[in-house]
Amino acid sequence: MIAIIDYGMGNLRSVEKALEKVGVSAVVSSHRDDVLNAAALVVPGVGAFGDAMEELSRLDLVAPLRQRAAAGVPILGICLGLQIFFEESEEAPGVRGLGLVQGRVRRFSSEAGLKIPHMGWNALNIRAGSRLFQGVPEGAYVYFVHSYFVAPTDEQVVAATTDYGVRFAAAIETRNILGVQFHPEKSQRTGLNILANFGRIIGQAAAGAGR
């Protein structure tokens, strides 16, 4: 079972339908047992960092998410879902994130004359060898809606970057932890290709676990 985490903060049905289009069957759930038994997890998200962590805590999902990530289960964060993988955010000082990736979440500076939130299509600069972007051409466009971006402590986890006043991480990959700042479910063919790649990563993890 692949579980899309329902914590009241995401475009759940859009993500579910996009996964279905690429042959990845998933269930939308907010239940602790589903998280603990899932072969893979998707954490979407639209909204605020502090609210997201508060709701995950209320649902008793923080520890299960950390546990499954530590166990090597593939987990994909989308937009806010990626941001809560990190330790902290400028959006919610004092609120601890899931801490799956070292680093923090930063806000775009309005001093550069940028419109915030960043909203629209941006081109990707893709790191060679990225599993999530296999078959995705350099410069492919994807759709963003966000006011904050992740700043990993270790630059080696960055799988793709883009530019909006500053160059920032558009995606990360580290072992079984993957995340995208953009919305693949809104990024047409490129987004579907990325989700299909996540499906292949799930299959490879399952095959490895069965050996």
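## Central strands

β4 (residues 75–78) and β13 (residues 177–180) pair in the parallel sense over four bridges; two strands count as paired if DSSP finds at least two bridges between them. Strands (E, at least two residues) and helices (H or I, at least four) are DSSP runs, numbered from the N terminus. The model is a predicted one, in which local features need pLDDT of at least 70 and side-chain atom pairs count only at pLDDT 80 or more, while totals for chains, interfaces and linings use all residues. Residues are numbered from 1 along each chain as its sequence is written, and side-chain values use heavy atoms, with hydrogens and water left out.

From β4, Ile 75 and Gly 77 point one way and Leu 76 and Ile 78 the other way, and all are buried. Buried means under 20% relative accessible area, exposed over 50%, and partly exposed in between (1.4 Å probe, protein chains only).

## The eight-stranded sheet

β4 and β13 belong to an open sheet of eight strands with mixed pairing, in the order β2-β1-β3-β4-β13-β12-β11-β8. At its edges stand β2 (27–29) and β8 (125–126); each has a single partner strand, so one side of each is left without a neighbour in the sheet. Strands of a sheet pair through backbone hydrogen bonds, either parallel or antiparallel.

Strand β3 (residues 40–43) runs parallel to β4 and is joined to it by three bridges; Leu 41 has Ile 75 as its bridge partner in β4. Three bridges also join β3 to strand β1 (residues 2–5), again in parallel. Here Ile 2 stands opposite Ala 40, and Ala 3 stands opposite Leu 41. In β3, Ala 40 and Val 42 point one way, Leu 41 and Val 43 point the other way, and all are buried.

## Helix α4

Helix α4 covers residues 62–70, and its buried residues are Val 62, Pro 64, Leu 65, Arg 68 and Ala 69. These buried residues pack against β1, α2 (32–37), β3, α3 (49–58), β4 and β13. After α4 comes Gly 72, whose phi is positive, near 90°.

## Nonpolar cores

A nonpolar core is a set of buried Ala, Val, Leu, Ile, Met, Phe, Trp, Tyr and Cys residues joined through side-chain atoms within 4.5 Å. The largest one has 37 residues, and those with the most contacts inside it are Leu 19, Leu 124, Leu 132, Phe 133, Phe 182 and Phe 198. Helix α6 (residues 188–209) gives the largest share of this core, five residues. A second, separate core has 35 residues, among them Tyr 7, Val 43, Val 62 and Ala 69.

Leaving aside neighbours within four places in sequence, Phe 133 is in contact (heavy atoms within 4.5 Å) with Leu 124, Ile 126, Ala 159, Ala 160, Ala 171, Glu 173, Phe 182, Ile 194 and Asn 197.

Another open sheet has three strands in the order β5-β6-β10, with mixed pairing. Its edge strands, β5 (88–89) and β10 (148–152), each pair on one side only. Strand β6 (residues 103–107) pairs with β10 in the antiparallel sense over five bridges, and Arg 104 stands opposite Ala 151 in β10.

Glu 91 is found in the loop between β5 and β6. Its relative accessibility is 26%, so Glu 91 counts as partly exposed. Beyond its neighbours within four places in sequence, Glu 91 is in contact with Gly 47, Ala 48, Phe 49 and Tyr 148. Glu 91 and Asp 33 are 58 residues apart in sequence and 30 Å apart in space, C-alpha to C-alpha.

## The largest pocket

On a 1 Å grid over the protein atoms alone, a pocket is an open set of points where a 1.4 Å probe fits, with protein on both sides within 12 Å along at least five of seven lines; lining residues have an atom within 4 Å of a point. The largest pocket has a volume of about 200 Å³, volume being the space filled by probe spheres set on the points. Of its 14 lining residues, the closest to the centre are Gly 47, Cys 79, Val 145, His 146 and Ser 147.

α5 (80–83) and β9 (141–146) each supply at least two residues of the lining. By class, the lining has six nonpolar, six polar and two charged residues. Ala, Val, Leu, Ile, Met, Phe, Trp, Tyr, Cys and Pro count as nonpolar, Asp, Glu, Lys and Arg as charged, and the others, Gly among them, as polar.
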